[in-house]
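Subject: Structure handover

Hello,

Here is the structure we spoke about handing over. Please look through it alongside the notes below.

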Amino acid sequence: MHSRDFHKNTKWDFAWAVRRYLYFFEQMGFRRMADVTMKHVRQFIVAAAPEMTDGSLHNLLCYIRQFHIFLQENGEAAPDCIELLSYPIPRKARIKGYITDDELVRIMAQINTKTAMGKRDAAIISLGATTGLRAVDIVHLRLGDIDWRKGEVRISQSKTSESLSLPLVHETGELIKDYILNARPASAYGEIFLRARAPICPLADGVPVGDMFDQYVKKAGIERKPYDGKTFHGLRRHLAKNLIVSGVPVTTIAQILGHQSMESVKQYLSLDGQNLKECALDFSAIPLAREGVVM
């Protein structure tokens, strides 16, 4: 494809989209893109749309459009359907939930910090709640990534590869130190957080962190519903909501959460219900009329 430096996961998505696209035409009997017409491309979109969400369809068309740009740049014969594939797909914006302050207190209360595993879990959850770091970035956090003198955490984000420096609040720092000094298994690994049971090694990815968090949520008696945001990632929205309510500028929140686009931060504005209510208009400036008489 292009020489653009896409993230590894994005490259896999590109490959999946192009394979699906070409397989569709192969099933129709085509062996060359030169024989495919705009009509056939429309048939592909119509066939794909019913089984995909708006967001997934949007991404699929973006990948296929990039594929056609690649064909054009390399002089390969194919239908000129870039404009068709550029048609915007409106997405339904779901208001995502988050972990409330009360729920976080209840979750932390379930952790037995007298055990090695408990010390680790408390440090991980506190780190997620106070920095907004994704589970995968916490898993990859190394001993040298914390500047104890300055009280900072420095990482390269797995999702964007962008560098990020975040303040380490005192309480979270103490939990991490307690784990490192009193509970972390002796190991040559540089990652801070290790498995509590054999084999002693770093956590593979963010999945174990999510599973661990889900167990504490269940112990805390917090009821779960689909898409309720009561997940480890909900700690990220927990932090964003508290920052917004505290009056922190959206630009600063974007920097803290490592978002490259301000559009990504707008999703958190809906979490500030109290201030949104103040934005609502009352009826004082709207004349009321009944049977032609202005009240």
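This is a predicted model: local features need pLDDT of at least 70, side-chain atom pairs count only at pLDDT 80 or more; totals for chains, interfaces and linings use all residues.

Nonpolar cores

The largest nonpolar core has 37 residues, and Ile 107, Ile 125 and Phe 232 touch the most other members. Two or more residues come from each of α5 (101-108), α6, α7 (135-139), β2 (152-156), β3 (163-167), α8 (170-182) and α9 (207-219). Helix α6 gives the most, with 6 residues.

Leaving aside residues up to four places away in sequence, Phe 232 touches Ile 124, Ile 125, Gly 128, Leu 133, Arg 134, Ala 135, Ile 138, Val 209, Gly 210 and Phe 213. There is also a second, separate core of 23 residues, and Met 33, Phe 44, Leu 71 and Ile 89 are among them. As background, nonpolar side chains in soluble globular proteins tend to be buried together.

Helices α6 and α10

Helix α6 (residues 116-131) packs against helix α10 (residues 234-245) at an angle of about 40 degrees, and their axes are 7 Å apart. On the α6 side the contact is made by Ile 125, Gly 128, Ala 129, Thr 130 and Thr 131, and on the α10 side by Leu 235, His 238 and Leu 239. Sorted by class, this contact of α6 with α10 has 4 nonpolar residues, 4 polar residues and no charged ones. Ile 125, part of this contact, is also one of the residues that touch the most other members of the largest core.

Helix α3

Helix α3 (residues 54-73) has 20 residues. From its first C-alpha to its last, α3 reaches 29 Å, close to the 28 Å expected at 1.5 Å a residue. Its buried residues are Gly 55, Leu 57, Leu 60, Leu 61, Cys 62, Tyr 63, Ile 64, Arg 65, Gln 66, Phe 67, His 68 and Leu 71. Of these, Leu 71 also belongs to the second core. Just after α3, Gly 75 takes a positive phi of about 70 degrees.

Loop positions

Ala 198 and Pro 199 are joined by a cis peptide bond, with omega about -5 degrees. Pro 199 lies in the loop between α8 and α9.

Tyr 227 is in the loop between α9 and α10. Although Tyr 227 is not a glycine, its phi is positive, at about 60 degrees. Tyr 227 has a relative accessible area of 63%, so this residue is exposed.

Regards

Terms used:
Residues are numbered from 1 along each chain as its sequence is written. Side-chain values use heavy atoms; hydrogens and water are left out. Axes are lines fitted to C-alpha atoms, for helices over the stretch in contact, and angles run from 0 to 180 degrees between N-to-C directions. Helices (H or I, at least four residues) and strands (E, at least two) are DSSP runs, numbered from the N terminus. Contact means heavy atoms within 4.5 Å. Ala, Val, Leu, Ile, Met, Phe, Trp, Tyr, Cys and Pro count as nonpolar, Asp, Glu, Lys and Arg as charged, and the others, Gly among them, as polar. The expected span of a helix is 1.5 Å times one less than its number of residues. Buried means under 20% relative accessible area, exposed over 50%, partly exposed in between (1.4 Å probe, protein chains only). A nonpolar core is a set of buried Ala, Val, Leu, Ile, Met, Phe, Trp, Tyr and Cys residues joined through side-chain atoms within 4.5 Å.
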